[in-house]
Amino acid sequence: MAKRMNFTRFFTAATVLTVLLLMVWAPVHAKTFKWAFQSDAGSMDPYTMNNTMTLGFTGNIYEGLVRHDKNEVIEPCLATDWKTIKPDVWRFNLRKNVTFHDGTPFTAEDVIFSWKRAVSQGSDMKSFVNGIKDIIKVDDHTVDIVTNGPWPLLPNDVFRWYIMSQKWCEENDATEVAEFKTAKENYATRHTNGTGPFMLKDREPQVKTVMVPFPNWWDKRVDNVTEAIFTPIKSDATRIASLLSGELEMIYPLPIQDVNRVQKTPGFRAIQGEETRTIFLGMDVWRDELLYSDVKGKNPLKDVRVRKAMYQAIDMEAIKKKIMRGACWPTALMIGSTINGFNPELNKRFPYDPEESKRLLAEAGYPNGFSIVLDTPNDRYVNDEAISQAVAAMLAKVGIKCKLNSQTRSKHFAKIVSMDTSFYLLGWSPMSFDMYNTYFTNVMTKAETIKDRVPEPGQGNWNCGNYSNPKVDQLLDAIAGEIDPAKRQALINEAMRIHKEDVGHIPLHQQALSWGASDKVEVHQSADNTFSLRWVVVK
Amino acid sequence: MIAYIIRRILQSIVVMLAVALIAFCLFRYVGDPVVSMVGRDTTYQQREALRKELGLTDPVVVQFARFVKNAAMGNFGISYEQRRPVVDLIAERAPATLELSLISGLFALVVGIFMGVYSGLHRNEYLSKIFQAVSLVGISLPPFLVGILLIYGFAVILGWLPSMGRGVTVKLGFWTTGFLTLSGWKSLILPSITLGLFQMTLIMRLVRSEMLEVLRTDYIKFCRARGLKRRDLNYGHALKNTLVPVITVTGLQLGQIIAYSIITETVFQWPGMGYLFLQAVQRVDFPVMGAYLLLVALIFVFINLIVDFLYLVVDPRLRKEGTTVGK
């Protein structure tokens, strides 16, 4: 009797001790990383939404032919090397011994399939691969990409086009991207099968996404994450509270006004850097009479002196100091310093000089100024409405009475993209990290207004004021096809210089990235505000 | 009584149609869904084509008729943003909102009635004065402020409770519940207080003033003269008679709690219908917005129906056929 009781007691004690030990030991060895952004990734299907956050997020699960290193330079990923064998043919050698998360080997067929899927009806990635005429399989690990005309920057431009598994998509009826007509949900919206460092473990849209490391990833691991949990947290205050209470290891964006607080709290830090997003003002230089101004019979913005006057009435240093709290980089170009094509010599703003503004306005025939409406979003860019208010106030000082039309993003973008504006605020981040994307979409003549020929679809898509200079258009067409980097940069310099002298737009600044992180983790901040788990080290 | 019931139900249907019409008209002014749905590199032609595909270029009357016909069959379409059937989305989020509303409502009701009765019975005591002060705070502070203060107090500074989310939830069939886990309950505390605070103070004040009035009535005095026990008197007779207005207010407030949990859900990142609706408005997601508004209208209409029927149960005077009291 006594022996049995002793055994039971011993057994119970041993179990309890083991459980306690496991409870202590397991968390110490489990490196869970929890982070939050202000909104969720739109879908786990990487072709559904051409949106930086979604593409950056799914970039942990899926991979493209190339990827960016920590300095935003292109490096091999699913392709090991590439070269042009003809002006319009790129040969990509694909990496061997790569498998998808379900074990299927990665081959050239998957690249061809992914291209076909990316141009399917419901896909939002068409603009990325539009220039591809055909992809030819040379062998299981080599493809020839045939393009419509020379495409020197193809490797840079496709880094967010991820490769999906043909077999998996066919098995799960996901060969086409989810369309609006179908009543059924597409399998790829909440399930994944990529080649990337992390696998999707659980996905509750708008609530929580859980990822775990892919043990058979082809690359050497630098991170030590055992489980990654992402939650979208819309309210800024709640997001910061979750970081400071220790529930999360990293949050972004961190509002500028809270940067100091997070820096001062022991155990946490704020990470800031220059973002690839440029904030600028656009003007209607196309109509003969402005839609939203008191000047009748002519368009004051067509006169370069008026545009320059507006430019020089804006005090960017004051905006930087008072509104952005030092977290911005005033710019004279439409691109930032991490973008291919950037030229620091051209990046000198016209000086802030309100007297000069008044003089220019008088010379142009507007000694008493005029009134105009400025369209601005109020929930898209960092302090967008505040910046617009400051601009309006500064313009008022030189006589231009600026009324603000501040709206939520869905309304603002719908309005300006249909050219229903005289003066607007917009921001742009070239996803390809090259100036061509920015200038093609914002500076080249709007495709719909060109009557004598058929331009590239999407040209001047967001050139809502239709700044149109045939010389600049010509240069940009040449830039698109120029293979020699030195010649290309020369063309770029010329195009940017002309646009700047024309005051085609009024660039304001490069936004600042602003993240908050616990000192217990090491993270890398990408210039386009995307987050890659593969560089996370949990101490 | 049957005529009364049928009349009320018919009125409810008319209300639902009116809500659908108003909501539909409003949608024309919230922005363009297509801009939010597609990437910025989409061309003008592609956007127009999409607009046509979604039926957004049809005349308003046609769109409305289509909407009502589909809604009557339970088909609310696919969310523009998430590309999933709207019914699935709402069914997924409904448990979170309903559980939160239930706990908030219970909190408001129980604490409110208790505080109301206490401060009604013992008006001059110190505790009553404290309750009064709390009620003033509860009525004046906006819910998002209360929520943020609670988060900072209990999650950041004290670290006792989570700052957001539902904690670990258990899936039972199509319902996900937070009632079965400790973290689920811990996550419910702060949002319930935030959401229920306003209603609690309302109920407290109402119960208190009703109690004071009822205690002065003749029949209570006569009961006291007859020698009935204090407790029977207060809780048996007096409280029951204060309940009619309380039921009305609670009914209305319960509908409000469910419908306007939007702010609390956003502050606590509570994955409920209110948060879904807010997202939908920002992304101009018509199918979700339409479905949510109709659902909310249905909830209000249903609760008001129940409240009206409860009157018949609680107040015997109304049961007589042909009375026009309380409509």
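A: Val284(B) sits in the loop between α12 (273–282) and α13 (286–314) of chain B, where helices (H or I, at least four residues) and strands (E, at least two) are DSSP runs, numbered from the N terminus. This is a predicted model, in which local features need pLDDT of at least 70, side-chain atom pairs count only at pLDDT 80 or more, and totals for chains, interfaces and linings use all residues. Residues are numbered from 1 along each chain as its sequence is written, while chains are lettered from A and ligands numbered from 1 in the order in which they are written.

The backbone is what draws the eye here: phi of Val284(B) is positive, about 50°, although the residue is not a glycine. Val284(B) also counts as buried, because it has 24 C-beta neighbours inside 10 Å. For that label, a residue is buried if 20 or more other C-beta atoms lie within 10 Å of its own, exposed if 12 or fewer, and partly exposed in between, with C-beta atoms placed from the backbone.

Asn529(A), in the loop between β18 (521–522) and β19 (537–538) of chain A, has a positive phi near 65° and is not a glycine either. With 21 C-beta neighbours inside 10 Å, Asn529(A) counts as buried. Another backbone detail of chain A is the cis peptide bond between Tyr252(A) and Pro253(A), with omega about -5°; Pro253(A) lies in the loop between β11 (250–251) and α8 (259–264) of chain A.

Back in chain B, Gln256(B) belongs to helix α10 (residues 230–259). Its C-alpha atom is separated by 8.0 Å from that of Phe300(B), 44 residues apart along the chain. Gln256(B) is partly exposed, since 18 other C-beta atoms lie within 10 Å.

In α1(B), the count of buried residues among its 26 residues is one, and the helix is hardly covered.

Helix α9 (residues 304–312) of chain A, by contrast, is mostly covered, with seven of its nine residues buried. Among them are Val306(A), Met310(A) and Tyr311(A). The cover includes β12 (268–283), α11 (354–364), α12 (384–397), β15 (400–407) and β17 (505–518) of chain A.

Zooming out, chain B comes to 13 helices and two strands, and 38% of its 327 residues count as buried. Its C-alpha trace spans about 85 × 60 × 35 Å along the principal axes. As for confidence, chain B has a mean pLDDT of 83, with 96% of its residues at 70 or more; pLDDT is the predictor's confidence in each residue, from 0 to 100. The model as a whole scores ipTM 0.80 and pTM 0.84.

Chain A has 16 helices and 19 strands. Its radius of gyration is 26 Å, close to the 24 Å that the globule rule gives for 539 residues, so chain A is as compact as a globular protein of that length. That radius is taken over C-alpha atoms, and the globule rule is 2.2 Å times the number of residues to the power 0.38.

Finally, the two chains meet. The contact takes 41 residues from chain A and 37 residues from chain B, two residues being in contact if their C-beta atoms, placed from the backbone, lie within 7 Å. On the side of chain A that touches chain B, the elements giving two or more residues are α7 (236–244) and α13 (409–417) of chain A.

The largest nonpolar core has 195 residues, and those with the most contacts inside it include Ala495(A), Tyr439(A) and Tyr292(B). A nonpolar core is a set of buried Ala, Val, Leu, Ile, Met, Phe, Trp, Tyr and Cys residues joined through C-beta atoms within 7 Å. Helix α8 (residues 182–215) of chain B gives the most to this core, with 12 residues. Not counting residues up to four places away in sequence, Ala495(A) touches Tyr439(A), Val472(A), Leu475(A), Leu476(A) and Ile479(A).
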